[in-house]
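These are my notes from a first look at one structure. I set out to record its overall form and then the surroundings of its ligands.

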Amino acid sequence: MFDILIKTLRTGRVTSKYPIRQDIAPEGFRGKPELLPDKCTFCGECARVCPPGVIWLTKEKGEEKLTLSFCGCIFCGMCEEVCPGGAIRLSQEYELASKTKDDLLTIIRRSV
Ligand code: SF4
Ligand code: SF4
């Protein structure tokens, strides 16, 4: 018993201070996918390969719309891998809680 107590005291704190102090995600961490509108060509490759189907490319009334929902995203990185223009990338962001599903959407548009 005493040995265990000594060992525990020597080990010290092993948990982080999150959320009081924000932790930085390690290199290679696959967090929230981000769309970079300036680079997107609306080719639809990301929507085609997304396993859970949380990216949609739609066309209506002279407008193309690319919608990405983090709700259901499995952070696989396939969208980033296939994007020809580097317009989508997985960020270091891991705080994705929200009160509504709409808050989980990212939408970019272009006129056609
Ligand atoms: S990371 Fe995977 S699941 Fe998430 S949007 Fe990209 S392809 Fe879809
Ligand atoms: S994010 Fe990339 S793969 Fe997706 S539509 Fe835009 S250019 Fe194409």
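I began with a term: two residues are in contact if their C-beta atoms, placed from the backbone, lie within 7 Å. The model is predicted, and I kept this in mind throughout.

**Contacts.** I looked up the contacts in the protein between residues at least 6 apart in sequence. Of these, 72% join residues at least 24 apart.

**Elements.** I found 3 helices and 5 strands in the protein. Read from the N terminus on, their order is α-β-α-β-β-α-β-β.

**Dimensions.** I asked what radius of gyration the protein has beside that of a compact globule of 112 residues. The protein has 20 Å, whereas such a globule would have a value near 13 Å. Along the principal axes, the C-alpha atoms fill a box of roughly 75 × 30 × 25 Å.

**Burial.** I counted a residue as buried if 20 or more other C-beta atoms lie within 10 Å of its own. Buried residues amount to 12% of the 112 residues.

**Ligand 1.** I noted 14 residues around ligand 1. Those that come nearest are Cys50, Cys73, Cys76, Met78 and Cys79. By class, I recorded 13 nonpolar residues and 1 polar residue in this shell, with no charged residues.

**Ligand 2.** Around ligand 2 I again noted 14 residues. Here Cys40, Cys43, Glu45, Cys46 and Cys83 come nearest. The shell of ligand 2 holds 10 nonpolar, 3 polar and 1 charged residues.

How values were computed. Residues are numbered from 1 along each chain as its sequence is written. Chains are lettered from A and ligands numbered from 1 in the order in which they are written. This is a predicted model: local features need pLDDT of at least 70, side-chain atom pairs count only at pLDDT 80 or more; totals for chains, interfaces and linings use all residues. A residue is near a molecule or strand if its C-beta atom, placed from the backbone, lies within 6 Å of it. Ala, Val, Leu, Ile, Met, Phe, Trp, Tyr, Cys and Pro count as nonpolar, Asp, Glu, Lys and Arg as charged, and the others, Gly among them, as polar. Helices (H or I, at least four residues) and strands (E, at least two) are DSSP runs, numbered from the N terminus. The radius of gyration is taken over C-alpha atoms; the globule rule is 2.2 Å times the number of residues to the power 0.38.
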